[in-house]
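Here's a friendly walk through a protein model, taken a piece at a time. Have a look at it first, then read on.

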Amino acid sequence: MLLAISVVASVVGIIFMLALDWFPEQGSSIAAPIDTFWDVLVVVSVPIFVAVTAMMLFSIWRWRQRPGEEDLDGPPIHGSTKLEVIWTIVPTVIIAALTTYAAILLVDIQSAPAKGTRVVNVNGVQFAWDFETKTAAGPVKSAKLYLPINEPVKFNVRSADVIHDFWVPAFRLKVDAVPGITTTYNLTPTKLGTFEVVCAELCGLGHAYMRQTVTVLTAERYATVMAGLAKQAGAPAPAAGASTDAVGKQMFVAGNPATGATACGACHTMKAAGTTATTGPNLDEILQADDAAGIMEMIVNPNKEIVAGYSKGIMPANYATTMTKPQLDALVKYIDQSVHGEG
Ligand code: CUA
């Protein structure tokens with residue numbers, strides 16, 4: 001009877017699990033084989049779960065304590081070598097088989113990229129991604145990822161501060177962004193559209209906000225969009241007071257990785273800097289009425305006043321220590337000039 005219950009429950013469980021729509025749409029070349037692997041895991045593991053649960057519930061019911069048995073000991077059992085050998089060998093074979101399948105699958109879908117494959121540098125920083133790639137129109141760095149459809153791409157993933165994890169659920173694979181090393185993976189986007197880019201490693205207070213998008217475009221549209229972005233990046237910076245401006249802009253777009261000062265542009269949109277992130281408020285909009293002193297106060301004391309719709313504790317409150325006074329002054333001057341359209 002136990003066997004019959006297990007078989008029926010397994011069949012029902014497998015049908016139920018396979019019928020559920022677990023994953024987002026398949027957006028890359030590696031999505032289908034990974035989803036198939038999941039199906040195999042379901043077919044193998046559901047019967048084990050069902051059989052163990054059925055055996056446990058049956059035993060609880062069958063050998064429960066009855067009235068008058070309170071002081072009785074169970075029968076003296078000293079183990080069964082035969083049983084132990086079986087329950088060691090069977091799981092070992094199952095795990096070894098699934099591990100081999102997974103390893104072969106991973107090698108298969110991650111075979112070395114062909115020469116000339118597009119490389120995208122993915123940089124994680126608390127709490128945003130930026131994406132860099134070479135295009136026909138020049139290098140492009142953007143807060144939004146663009147990819148041409150049906151063209152293989154290799155991601156070089158890095159972190160400027162703590163461990164993040166680069167994940168596009170529609171593409172399936174994910175990889176940690178680890179400070180000091182470069183991790184990689186390869187795939188080919190196979191579906192037009194915009195998909196979520198998510199950080200899948202708890203990386204601090206703003207972890208939940210570390211979400212951006214990837215847009216997969218036709219080759220022609222991709223060329224047009226990248227040419228536009230490359231032109232933006234090449235636009236001349238505000239001229240006056242060149243050296244201070246250079247430092248200010250550098251602090252804004254790159255921060256100070258040596259001290260852990262996060263780039264403002266990683267979270268804020270500011271037209272003059274060409275940044276488009278939306279984790280924090282748009283600086284062109286919120287700083288219109290602020291002077292240099294006000295901007296400085298907001299940088300070193302970010303939790304004092306919060307723009308409606310945003311939360312406390314997201315913006316790092318350590319700029320007074322992670323940037324030198326001259327760096328902060330240059331940064332404030334740069335932001336002040338940028339949002340008020342001077343220089
Ligand atoms: Cu970066 Cu979570």
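Start with helix H9 (residues 325-339), where aspartate 329 and lysine 325 both sit, four residues apart, about one turn of the helix. Helices here are DSSP runs of H or I with at least four residues, strands are E runs of at least two, and both are numbered from the N terminus. The side chains of aspartate 329 and lysine 325 meet in a salt bridge, 3.0 Å from N to O.

A quick word on the ground rules: this is a predicted model, so local features need pLDDT of at least 70 and side-chain atom pairs count only at pLDDT 80 or more, while totals for chains, interfaces and linings use all residues. Residues are numbered from 1 along each chain as its sequence is written, and side-chain values use heavy atoms, leaving out hydrogens and water.

How many salt bridges does the structure hold? There are six, each one being a side-chain nitrogen of Lys or Arg within 4 Å of a carboxyl oxygen of Asp or Glu. Three of them are listed here.

| Pair | N to O distance |
|---|---|
| Glutamate 25 and lysine 191 | 3.6 Å |
| Arginine 211 and glutamate 196 | 2.3 Å |
| Aspartate 329 and lysine 325 | 3.0 Å |

Take glutamate 25 and lysine 191. Glutamate 25 is in the loop between H1 and helix H2 (31-62), and lysine 191 is in the loop between strand E8 (183-187) and strand E9 (193-199), so the pair ties together parts 166 residues apart in sequence. With a relative accessible area of 42%, glutamate 25 is partly exposed (buried means under 20%, exposed over 50%, partly exposed in between, with a 1.4 Å probe and protein chains only).

Five strands make an open sheet in the order E4-E10-E9-E6-E7, with mixed pairing; two strands pair if DSSP finds at least two bridges between them. Strands E4 (145-148) and E7 (174-177) are at the edges with a single partner strand each, so one side of each has no neighbour in the sheet. Strand E6 (residues 164-167) pairs with E7 in the antiparallel sense over four bridges, and tryptophan 167 stands opposite lysine 174 in E7.

Arginine 211 is in strand E10 (residues 211-217) and glutamate 196 in strand E9, 15 residues apart.
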